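Okay everyone, thanks for coming. Let's have a look at this one together.

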Amino acid sequence: MSIEPIVSQELDGLGFDLVELRRGGSRARPVLEIRIDRRDGMKVTIDDCATVSRALEARLEADALVAEQYVLEVSSPGADRPLRHAADWRRFVGRRATVTCGLLAGGKQEVEILAVDGEEGAEVALVRDAKGRDVHVPLREVTQARLAFHWKR
C-alpha cells in the first residue's frame with residue numbers, strides 16, 4: 001500500500017507540499033524520509049519539521065501504516081531538491097538543474113532552466129545545455145531532475 005497519498009493529504013492540511021518520500025530500512029524497522037516545502041515560499045524551519053513529524057506520526061500510527069519500530073525523518077528539500085512537477089520547474093526558472101532525459105546528449109546533463117510552457121500534463125521546459133544550445137524537453141520524458149548545487153570556493 002502506498003502511503004504517499006496519505007502523507008500528501010496530511011501535509012496539505014498543514015500547508016506544506018511533499019517534495020520527496022523515500023522508503024528504506026528493513027521490514028522490521030522501516031525508515032521514511034520525507035522532504036517538505038512551504039507553500040508561502042519561505043524556508044522550511046526546524047519547527048516546521050517538528051510540526052509535520054508529530055502530525056505524520058499520529059496519522060501513520062493511528063492507521064497502522066508503519067511497523068511498530070520505525071524511523072520518520074522530516075526535512076527541507078535541501079539545495080539539490082528534486083524537480084517533480086511542472087510547478088517546481090516554473091519556480092526555479094533561471095536556476096541550473098541536473099536532468100536525466102534521453103533527449104539530452106549523453107542522457108544526463110546539467111542545464112539552465114529558461115522557461116516552461118504547455119498545457120497541464122504536456123509541459124515542455126526550454127533548457128540551455130553546457131554548450132549553449134537551447135533544447136525543448138517535454139517534462140514527461142524526464143526520468144529525474146534535481147537542482148544543481150555547487151560549493152563556492
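How much space lies in the largest pocket? About 280 Å³, where a volume is the space filled by probe spheres set on the grid points, joined across faces, edges and corners. A pocket here, on a 1 Å grid over the protein atoms alone, is an open set of points where a 1.4 Å probe fits, with protein on both sides within 12 Å along at least five of seven lines, and lining residues have an atom within 4 Å of a point. There are 14 lining residues, and closest to the centre sit Asp-37, Lys-43, Pro-77, Gly-78 and Arg-91. By type, the lining has six nonpolar, three polar and five charged residues; Asp, Glu, Lys and Arg count as charged, Ala, Val, Leu, Ile, Met, Phe, Trp, Tyr, Cys and Pro as nonpolar, and the others, including Gly, as polar.

A word on the source: this is a predicted model, so local features need pLDDT of at least 70 and side-chain atom pairs 80 or more, while totals for chains, interfaces and linings use all residues. Residues are numbered from 1 along each chain, and side-chain values use heavy atoms, without hydrogens or water.

Stepping back, the chain has three helices and eight strands (DSSP runs: H or I of at least four residues, E of at least two).

Now the helix pair. Helix α1, residues 4–14, and helix α2, residues 46–62, have axes that come within 10 Å and cross at roughly 135° (lines fitted to C-alpha atoms over the stretch in contact, angles from 0 to 180 degrees between N-to-C directions).
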